[in-house]
Amino acid sequence: MPDTSDPTAVFRAERVCKVYPMGDTEVHALRDVDLELRAGEFVVLLGPSGSGKSTLLNILGGLDVPTSGTVRYRDHDLTAYDDAELTRYRREHVGFVFQFYNLVPSLTARENVALITEIAANPMAPDDALGLVGMGQRTAHFPSHLSGGEQQRVAIARAIAKQPDVLLCDEPTGALDVGTGILVLEAIERVNRELGTTTAVITHNAAIAGMADRVFHLRDGRIIEVVSNAAKLPAADLKW
Amino acid sequence: MSMLDRKLARDLGSMKGQFIAIALVIACGVAAFVMALSTLTSLQTTRSGYYNSQRFGDVFARLKRAPDLLAERLAEIPGVLRVQTRVEMEVTLDMPDMAEPASGRIISIPERPGRELNAVYLRRGRWIDPDRTGEVIVSESFAKAHHLQPGDSFRAVVNGNRVGLQVVGLGMSPEYIYEVRPGELLPDNKRFGVMWMNDRQLSELCDLEASFNSLSLRLARGAPMAEVLRRVDLIIEPYGGSGSHDRDDQISHRMISDEMKQLQSMATVPTAIFLAVAAYLLNVVLARLISTQREQIAMIKAFGYNGREVGWHYAKMAGIVALGGALLGIGVGARIGRGMAVMYAKFFNFPQIEFQVEWWQVALALLVTLGASGLGVFKSVRHAASLPPAEAMRPETPPTARVTWLERFGLMRRMANSSKMSFRSLFARPLRTALGVLGISMAVAVLVLGTFSEDMIRYVMESQFQRAQRQDFTVTFAEPADLSAVDEVRSLPGVQRAELFRAAAVRMRSGHHHRKVSLMGYGEERRIYPVLDMQMQPVPLRRDGVHLSATLAEQLQVVPGDTVRVEVLEGKRRHADLIVRGLVDDFSGSAAYMRMEGLWDLLAEGPTLSGAHLSVDEKDLGRLYQRVKDTPLIAAITSKNAIVQSFRDTMAENLLRMKVFIVAFACIIAFGVVYNSARIAASERSRDFATLRVLGYSRQEVSRLFLGEIGTLLALALPLGLLIGYGFAAMTVAGLATESQRFPLVIYPATYAFALCVIGVASLLSSLWVRRKLDELDLIAVLKARD
Ligand SMILES: Nc1ncnc2c1ncn2[C@@H]1O[C@H](COP(=O)(O)OP(=O)(O)OP(=O)(O)O)[C@@H](O)[C@H]1O
Ligand SMILES: [Mg+2]
């Protein structure tokens, strides 16, 4: 387990539980999860379906709140936040990438990015963000004219254009083939490396774990193992 | 432009068909609102301005003859500001351009225009020169109908004197804005006209020197009307006063007020219907849009847009549609209003009608529209604003289909599975389906409501003129005449049958209710003027009791068997209690009937007659007209055919114009609802339809399924619409009923059929238009999309 007093910690979650009431029964999505993410770190969350990965990521991203336990982002206590404060937290600090891209179909690639940079304090130019993920040539295209991988790279550009402190990706390659998946991962890797953005990536794919500084293994709502990689593999060298 | 606004613009663009349909529905409601309201206020301001400038009276009364000095006593009544006495006389006119005699009313005016009440507004020509005889100012509408110019002349019988009249001016008066012969509904400017003559000359002609037979008062603001009327009646009673009345019983004033009342209900009822339908459509379209954009909303929120920003985004979308519709409606409403003002200028004699749409009416229209749309989309917008971002990442659970209760009763056992699919999908959202049905039925109802008045008029015309009033002419005598008049009437050229009558002005009382009416006395045998009961059967009139028209009985709150107090307002002014023997139809307005002999008893004078209904041989018309003009006994002759014809002409024109609008408006509702329902059904079910196509269903089979769904909606909506339309019509008829006029609720099957056909066809076309989209269904894309 990492040192709980690490001064470089960006996130610190303690005894986090998430219980969903389901009629008469309850679903325990997370049980007593402790975790710390450090500044600039690249982590991967691995685990079978239903193990609580998305739930954990959503809580870190301020999309959801735990049933019990505390989550701190630097010196903010996210668990004490109300809806408006969580919204501001997301607006100022977090970038998301979702499995199904979630682009606005009526906006072009550049406009999809601009939609987010408009409300950011210190954004980069949308074209630069698109350039960073290798989409500089397709800025005027609508999502329906882009392939899945291209759409996902636009989604990454959108997430990073605001220069967030943390980048949270929920199965960013889940809907993509190998080659395209690697392009997307390269984009994420580059953002992490060049902008120093703390990055968490959920995946089912154990091969992707090779890129990470640390890998969290989840099962039944618990972190059962944390593996630190001595040497990170570049995305281009991943194989699955 | 912010990116959210850009998204908004593009979303609006990609759904423009649906949004335009909604905007059109809104435009209809707003157009009705603005039209009615602006016309109403224009009419109000025009009338009150005219009343002020011409000093329209507050109280009116007719009497037989009173010395001019009586005016001083009238002026002493508390609250009376000004007294105007004058001479008024019903006359027969011999117009050079018409064989048939016309009738008119001559009113005295002072030597010089001054501060007199009900002042004549001189439109052309000059005032009367008191030193010349026979000069008159004639009403402009009568002059127009006869192409009279200042300098023209015609002949008249005034109080039995044949005189030549010379037109010196054309004018109008606030008392005759609606210039209609007493007892008739629509003006007939060829056969009735008002004219004004120098006071002294008219008095001489009428043997009323230094006297008057008509008066008008102007009261101080807040004067106690009932008390003033009571005192006036006390003073004029000995002089043959037949009861004073206020503006509400002044025919012209009342007709305009009735028109205003109708405009008022037009500003509310149709507007409410259209805006309610629009609110419903906005609601379903926006709810659908938001549910298809759940993931976009979630993403936008995940990135830090707050609920207010997201809610505002969708509210703006609805707002733009509402605003667009409202602006279009304001424009259209102003145009129709202008058209109405032109039509009113034909019916009402105003110096000019100033039509204007006021800024507050525009503001109110916008406010009402935004309010209604706001109510419509409130729920959807709040839903979008409060959608939790994490929740929205997972697809929405589809509405749970159930085995419907209809199926449980085995109704659908033999239905194809594919039809079950349509049926269940309608039942999966019962509220939306019900409201959609209601929306389409509103289109049918609006059509029934808008066109049934034609039936009503046709029915009234047919029953009134073919069954109740079968005379060709009615003549009225200048004065009550003795029985020698019978022979005189019977010997008129061409007369085949004459049914004489005596009419007396009376006041009927029951408890604290009272009404002034004419009590009609008829002979025993009535073939051309049978008085009919509510079942259209002739009633046996009684010598010892009265029959009341249904409206009158209601006003007096009496039923057959009750007793009413009858106060005669002429002659010996006797009072008597009479039993109500039965009710009769209302075609002639508030009226009471009894046998002539009974009326004579009541009047306590010998047998006298007021006039006769005639059936006449067409061949002798020319000679008849000539004789009538030369017979001092006869003050006026009215031709039934002329009334019917002018009624038909004016009504036909107005009804046709209205019908065009109403059909257009109803079709817009039908189109709005059906098109949007179909679009939503197509979008919600595109996956099902694509699946069926992939599984081997043909295009025709799939579109039959789709049309089946719309067809089910229609099958429910059309009959419901007829029912609602009937209800609206009943409400309208109740609202139209005035003191003197009541209309039966009659809707012919053809009207229902017309409504069904128009809405059926409009709906079918709208859904066929959407059906084309199904043919373009991109099977792969639809199945791949994660909706
Ligand atoms: N809104 C919710 N209501 C009820 N149960 C939920 C809800 N969200 C998640 N769950 C349950 O919580 C558990 C963890 O869900 P979570 O989405 O975190 O899993 P996951 O690890 O992301 O799985 P996957 O790899 O399939 O995405 C699951 O059993 C899931 O059914
Ligand atoms: Mg997940």
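A: In this predicted model, about 2,200 Å² is buried between chain B and chain A, and carbon and sulfur atoms account for 64% of that area. Chain A brings 28 residues to the contact, and chain B brings 23 residues.

Three salt bridges are found across the interface of chain B and chain A. A salt bridge joins B:R10 to A:E111, with 2.5 Å between the closest N and O atoms. Polar contacts across the interface of chain B and chain A come to 11 residue pairs, with both residues at pLDDT 80 or more. On the side of chain B that touches chain A, the elements giving two or more residues are helix 1 (3-14), helix 8 (294-302) and helix 11 (389-392) of chain B. Sorted by class, that side of chain B has 11 nonpolar residues, eight charged and four polar.

Now to the strands of chain A. Six strands of chain A make up an open sheet with mixed pairing, in the order 6-7-8-3-9-10. Its edges are strand 6 (94-97) and strand 10 (222-228) of chain A, each of which pairs on one side only. From one strand to the next, the twist averages 20°. A:L167 has A:T199, in strand 8 of chain A, as its bridge partner.

Strand 4 of chain A has pairings with strand 1 and with strand 5. Strand 1 (residues 9-22) and strand 4 (residues 68-73) of chain A run antiparallel, with five bridges between them. Strands 4 and 5 of chain A form a hairpin, with two residues between the strands. A:R74 is in the turn of this hairpin and has a positive phi of about 45°.

Terms used
Residues numbered from 1 in each chain as written. Chains lettered and ligands numbered in written order. Predicted model: local features only at pLDDT ≥ 70, side-chain atom pairs only at ≥ 80, totals over all residues. Heavy atoms only, no water. Contact = heavy atoms within 4.5 Å. Buried area = accessible area lost by both parts, 1.4 Å probe. Salt bridge = Lys/Arg side-chain N within 4 Å of Asp/Glu carboxyl O. Polar contact = N/O pair within 3.5 Å; in protein donor to acceptor, adjacent residues only side chain to side chain. Helix = DSSP H or I, 4+ residues; strand = E, 2+ residues; numbered from the N terminus. Nonpolar A, V, L, I, M, F, W, Y, C, P; charged D, E, K, R; others polar. Pairing = 2+ DSSP bridges. Axes fitted to C-alpha atoms, helices over the stretch in contact; angles between N-to-C directions.
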